[in-house]
Amino acid sequence: MKMEMLNIVETFLNDYIGGEEFYDALDEQIRINDAWLYTMISLVEKESFDKLIVSGNFGRKFYKFVQEKISDELASKILVANGSLRKGNSIGLETTNFNNQKFIFIDDSFWAGRTRDVVQKYVEENNGVFLKTFVFYDGNKISDKNVISFYRYYDYH
């Protein structure tokens, strides 16, 4: 999978200067790749958690994929938040008391961490425990041991 990601990233770096266009193209590629979604699920299922949070277009695709191809049991553990959280959108989830349940956030890509920060704040304000973030692509300059990715840009560039 890392080689696939490397090839796609290199192609998109040649096609796009970077920024929003690059991430949009990469995120679309991630959403349509069922094999990658299976791999992500296999990795996350090794963790001890109570709930998963996903967001936006990726989150809706991921939830539907789990519900249709994996199991209703796992799908019942997924909360789907609104997209564009990094831009100030409301999280769109019912506020509740999570009673110390453990959460993992799954997203397609990670750049500055603003989406993760919104999700983490929401979980912690509702008495949940935020464990870590799983992503396919990590483009953050700073490595974070609680962000697990299949491809980290700064490992290669």
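Is Asp-144 buried, partly exposed or exposed? Asp-144 is partly exposed, with a relative accessible area of 25%; here buried means under 20% relative accessible area, exposed over 50%, and partly exposed in between (1.4 Å probe, protein chains only). This is a predicted model, in which local features need pLDDT of at least 70 and side-chain atom pairs count only at pLDDT 80 or more, while totals for chains, interfaces and linings use all residues. Residues are numbered from 1 along each chain as its sequence is written, and side-chain values use heavy atoms, with hydrogens and water left out.

**View 1. Arg-116 and Asp-144 form a salt bridge.** The closest N and O atoms are 3.3 Å apart; a salt bridge is a side-chain nitrogen of Lys or Arg within 4 Å of a carboxyl oxygen of Asp or Glu. Arg-116 sits in helix α6 (residues 114-125) and Asp-144 in the loop between β4 (129-138) and β5 (147-152), 28 residues apart. Helices (H or I, at least four residues) and strands (E, at least two) are DSSP runs, numbered from the N terminus. Arg-116 is buried, at 13% relative accessible area.

**View 2. Asp-34 meets Lys-69 in a salt bridge (2.8 Å, N to O).** Asp-34 belongs to helix α3 (residues 34-44) and Lys-69 to helix α4 (residues 56-69), so the pair ties together parts that are 35 residues apart in sequence. Asp-34 is partly exposed at 25%, and Lys-69 is partly exposed at 42%.

**View 3. Lys-121 and Glu-125 pair up in a salt bridge (3.9 Å, N to O).** Both lie in helix α6, 4 residues apart, about one turn of the helix. Both Lys-121 and Glu-125 are exposed.
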